[in-house]
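Here are a few notes to read alongside the model. Please keep the structure open while you go through them.

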Amino acid sequence: MKILAVDEKRCTGCRLCELVCSVRHEGAADPARARIRIVKWEEEGVYLPMACRQCEDAPCAAVCPVNAVGRDPELGRVTTDHDLCIGCRACVSACPFGVLGFHEDRGKTFRCDLCHGDPTCVKFCETQALRYEEGDRVVDGRRRAAAARFRQAVA
Amino acid sequence: MALNRRIAYVDLSAGTVEVRDVPLELRRKYLGGRGMDAYLLYNHIEPGTDPLGPDNALVLSAGLLSGTPAPAGARCQISAKSPLTGLLGSANMGGFFGPELRYAGFDHIVIQGRAEKPVYLWVHNGSVEIRAADHLWGSDAVQTQTRLREELGDPDVKVACIGVAGENRVRFACVRTGIKNAAGRTGMGAVMGSKNLKAVAVRGTLPIRLADPEGALGYLEELVDYIQSSKYAEIMGKWGTLFIFDVTNSTGLIRTRNFQSNQMPHSEDLECEAMDRYTMGMAACFGCTMHCRHKYVLPEGRFRGQYGEGPEYTSQGAFGTEVGAASMLGVLEANQLVNLHGLDTLEVGSMIGWAMELHEKGLLPAELVGDLDLRWGNLDAVIRLIDDIAHRRGLGDVLAEGPKGAIERLGPETAYYNIHVKGMSNLHSDERPTPSLALNIATSTRGADHLRSRPAIDLYHLPPKVLERIYGKPGLSDDYRGYEGKPWMVVWQERLYALVNALGVCKFQSVFLSPNMPKAEEYARVLRLVTGLEFTPEELMEIGERITTLERLFNLREGATRADDDLPERYFTEPTPEGLPAVRGKSIDRDRFDAMLDEYYDIHGWDREGRPTDATLARLGLDAEPTRLV
């Protein structure tokens, strides 16, 4: 199963992901309603992309009073059925990562839908801070890099 | 949509704010950013206005593509009558401020009057408030931003502000945003200071609707690939503009020890590789895939442990070659200090280099020098002078007046040594071997400057066929030492850069340092997909011409003449002493320079005094200005 993998060390803080995400989903350059957001500590040069982590045991689903939040096993993503959604924002409150949004004009929530298996943000992320790859491979590179440092230390 | 952003008029004397729409006719003629700035300045500043008086208008404008996914749509323009030159003041700034201004519902803020006490503007989703800023006065340019974010309770607030240099009306104080971005040139920070305006804080959540979202994403993906596939993008992403130093210094195109040499020997510790010791990765401005800005923490020295960003090629010269020092740590320390004080790095280095040469020649009064050791390469003196300039102490107070004011204080015999045009210092580049670049600095509408019309790719020996493809004219010479055909290259770049500044995209992603970057053809397509406005590439280049011509009219109205389109005398009298054989022993030939200037005027449809003819004004739709449409 592929996931939206984040390597925050590669993030340059440009926020192009926010832009193209909002254009794709809202038809507008609208970072406030982007499904991915860059959280910054500008004075330290630290930038961190945040988006729905598609939890296996999703708090947003657990709190939904009308069972509008479900799981799409094919893409491994959490979905909201907006025909059922009553706009109570319980899911928004329950999300431990704060990555669900609420569209006030529409009275509906929004979240990363992985662009149905072809994330737009990944296509535009030049440094590959964002990748769409198999979940069980995500840490391979990091493990190898750590091993290389370890190897150097003990050499 | 992208065209519904509004304009706010703020009168700080009266404490009032008025919001208006921008007529579509003006968008079609000037787009936004620097284009609208030219219009607003020409329409709202009376000739003869005191640049540091309440009647000067300070204009902050986002570009028309700023805040959209157009490549590097990060930029805004800050303009006013310049306290440095007395002519057009205009500086472009990256970072995140311009886009946020648009999300807050505005494209333009025009600020007039003077507040009685320090204030800042809070711009938020369609509203503009004037708020007290007594508690911020005296804060440095980074603290000010942090404090405003805390005060407003939102870490995503973006701030454009001044440091103490702006408060003290140093004539080349800049406007700052983020850790290092600046509207650097022409003293816009001094204008803010003169208005008692410490900062403009913006935050917005208003969407910018795209005309064709799907089409835009499809084309932009292609365009980003095109940009990023160039070697140049790779180098910029790794070194930033620091890479330019190695090329220009090894050739002999760098102003060294003020203007005494064109090459610095033993410069290893200034070259881009020297940054390896300090860099912790790269940061980008809004929407930019190129990420040309280093992040660093100073590991030693005066500012040990401080976080900073940059430096640019500009600072390698300003605090390296110009002052005769070769230390990347020194460059970083000086960079840190000018960014905190809110000073134009380029002007600072140039003024200090000049002071050092004056001292060497015995032209500085001893009481002004005091205990300063102004020998070449003394970075302690450089750092102290930066502080003294920002706080207007002693010699620093004299230098804070900029070239014209400082020459007036120090005497006419010092004028020959100052490398300025129209009262603004030049980059640390040496244009004696390169007539096209020399014409560029002589004619730029804001004074000596590499960012308004520089045909930098003239240095690349591109085959004539490639030059023809880019510049649209056959028979251009690939010899950068020649005079033939150069005025056209300067005019073409002038139009392109004005266009780029009006769109709010970055020059680094246009034909500036690489021939393989977007130009009017690509921008026309992006504009159509994003805004729905249809332009041919030729029409867009004509907008660039209109902007430059209106800026020219502003300068003429303030009394500028042909004599102001000139080079520092030393370009004609002192041949380059160093460099490769191709550039050594070169100076600018006065007659051939004058002929270039004639040709430059002719191409524009200006008379031999540099005044646009009636026919030219009519062709560009400028014959009725000022029209006061907004």
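1. Let's start with the overall layout: the centres of domain 1 and domain 2 of chain A, taken over C-alpha atoms, are separated by 23 Å. Domain 1 covers 2-51 + 112-154 and domain 2 covers 56-93 + 104-109, with bounds that come from an automatic or database domain assignment.

2. A word on the ground rules. This is a predicted model, where local features need pLDDT of at least 70, side-chain atom pairs count only at pLDDT 80 or more, and totals for chains, interfaces and linings use all residues. Residues are numbered from 1 along each chain as its sequence is written, while chains are lettered from A and ligands numbered from 1 in the order in which they are written.

3. Now look at where the chains meet: 24 residues of chain A are in contact with 30 residues of chain B (C-beta atoms, placed from the backbone, within 7 Å). On the side of chain A that touches chain B, helix 1 gives the most, with 6 residues (helices are DSSP runs of H or I, at least four residues, and strands are runs of E, at least two, numbered from the N terminus).

4. A pairing also crosses between the chains: strand 2 of chain A and strand 13 (residues 208-209) of chain B run antiparallel, joined by 2 bridges (strands pair if DSSP finds at least two bridges between them). Here A:Ala28 has B:Arg209 as its bridge partner.

5. A:Ile38 stands opposite A:Pro49. The hairpin has 4 residues between the strands, and A:Gly45 takes a positive phi near 70 degrees.

Terms used
Two residues are in contact if their C-beta atoms, placed from the backbone, lie within 7 Å.
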